[in-house]
Amino acid sequence: MRVLVTGSKGQLGTDLMNELQKRGLEAIGVDVEEMDVTDAKSCCQVIGQANVDAVIHCAAYTAVDAAEDNVELCRKINGYGTRNVAEACRKAGVKLMYISTDYVFDGQGSRPWEPDDERHPLNVYGLTKYEGELAIEELLEHYFIVRIAWVFGVQGKNFIKTMLRLGKEKGAVSVVNDQVGSPTYTYDLARLLVDMVQTDRYGRYHATNEGLCSWYEFAREIFRQAGMEEVSVTPVSSSEFAAKAKRPENSRMSKEKLSENGFSRLPHWQDALKRFLQEI
């Protein structure tokens, strides 16, 4: 099987490339230099000539707060860019896996979001990822939409690295305690995505590590596992924590559909954190 990965140098893209190669599958990685998703012609040319069986679309504009001031750029990449990739896949007769986000939901309530729940994004980033989902559903029959949340991996920036840096520099951090969800380790996620893309069990899915926590609980566990328990962690509400983009309070996501379709769910987030800290 030949698979093309967009955003192949990013946090998830790097782990996906490694996982595909580890399994002896042909992996073609493209980043903005090789294929600009905002250029429809470039997408059709690259995907058309790659002679692949599937595309895993990871490339995205992910700066959530900056997106509030850069609406058109964010939409150009996440909305129109995803439409370009989907159109290229349709023309080439290739199945598409799109990596989306819990931010397509409004973050209200406390029950876990189901994959087919109504989508009401809270911020620009969530809205443009939702527009990407709509483009795929409109253009393609054979697709996976996989929503993830609270992502961390060895490559790139993430919450864990930020906490470790701030803990060392300041010895104290304030972290929101009224947003609940599940972290997602890109190493674990990549293994699941490669399992999924080799099947025809299409549809919308949610994929995060098992277990729930608030960002505050996540931070405390990071310092505990890193042997930095002297760092003071203060819980604060979202209203006390100034951020440009509104964040969902409820990022709980149901993963039952993975089990129903015979896919292995990801390990518990505390186990994933332990392995990540050993890796870095």
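Is Ser214 buried or exposed, and what is its relative accessibility? Ser214 counts as buried, because its relative accessibility is 4%. Buried means under 20% relative accessible area, exposed means over 50%, and partly exposed lies in between, with a 1.4 Å probe and protein chains only.

This is a predicted model, in which local features need pLDDT of at least 70 and side-chain atom pairs count only at pLDDT 80 or more, while totals for chains, interfaces and linings use all residues. Residues are numbered from 1 along each chain as its sequence is written, and side-chain values use heavy atoms, with hydrogens and water left out.

Start with the whole protein. It has ten helices and 14 strands. Both are DSSP runs numbered from the N terminus: helices are H or I with at least four residues, strands are E with at least two. The radius of gyration is 18 Å, close to the 19 Å that the globule rule gives for 280 residues, so the protein is as compact as a globular protein of that length. That radius is taken over C-alpha atoms, and the rule is 2.2 Å times the number of residues to the power 0.38. The C-alpha trace spans about 55 × 40 × 40 Å along the principal axes.

Now the inside and the surface. Of the 280 residues, 54% are buried. The protein exposes about 12400 Å², and carbon and sulfur atoms supply 45% of that area. Accessible areas come from the Shrake-Rupley method with a 1.4 Å probe; for residues, only the protein chains shown count as cover. Contact here means heavy atoms within 4.5 Å.

Helix α2 covers residues 40–50, and its buried residues are Ser42, Cys43, Ile47 and Ala50. They cover an arc of only 110° around the axis, which puts them on the same side of α2. The arc is that of the directions from the helix axis to the C-beta atoms. An α-helix has 3.6 residues a turn, so residues three or four places apart point the same way. Lys41 and Gln49 are exposed on the other side of α2. The buried residues of α2 pack against strands β1 (2–6), β2 (26–30) and β3 (54–57), and against helix α4 (71–92).

Next, follow the chain out of α2. Asn51 sits in the loop between α2 and β3. Asn51 is exposed, with a relative accessible area of 60%. Its phi is positive, about 55°, although Asn51 is not a glycine.

Trp150 also has a positive phi without being a glycine, at about 50°. Trp150 lies in the loop between β5 (143–148) and β6 (151–152). At 9% relative accessibility, Trp150 counts as buried.

Leaving aside neighbours within four places in sequence, Ser214 is in contact with Trp150, Asn177, Gln179 and Val180.

Finally, look at Gln11 in helix α1 (residues 11–22). Gln11 is buried, with a relative accessible area of 17%. Not counting residues up to four places away in sequence, Gln11 touches Val151, Phe152, Gly153, Gln155, Gly156, Lys157, Asn158 and Thr186. Gln11 and Tyr143 are 132 residues apart in sequence and 22 Å apart in space, C-alpha to C-alpha.
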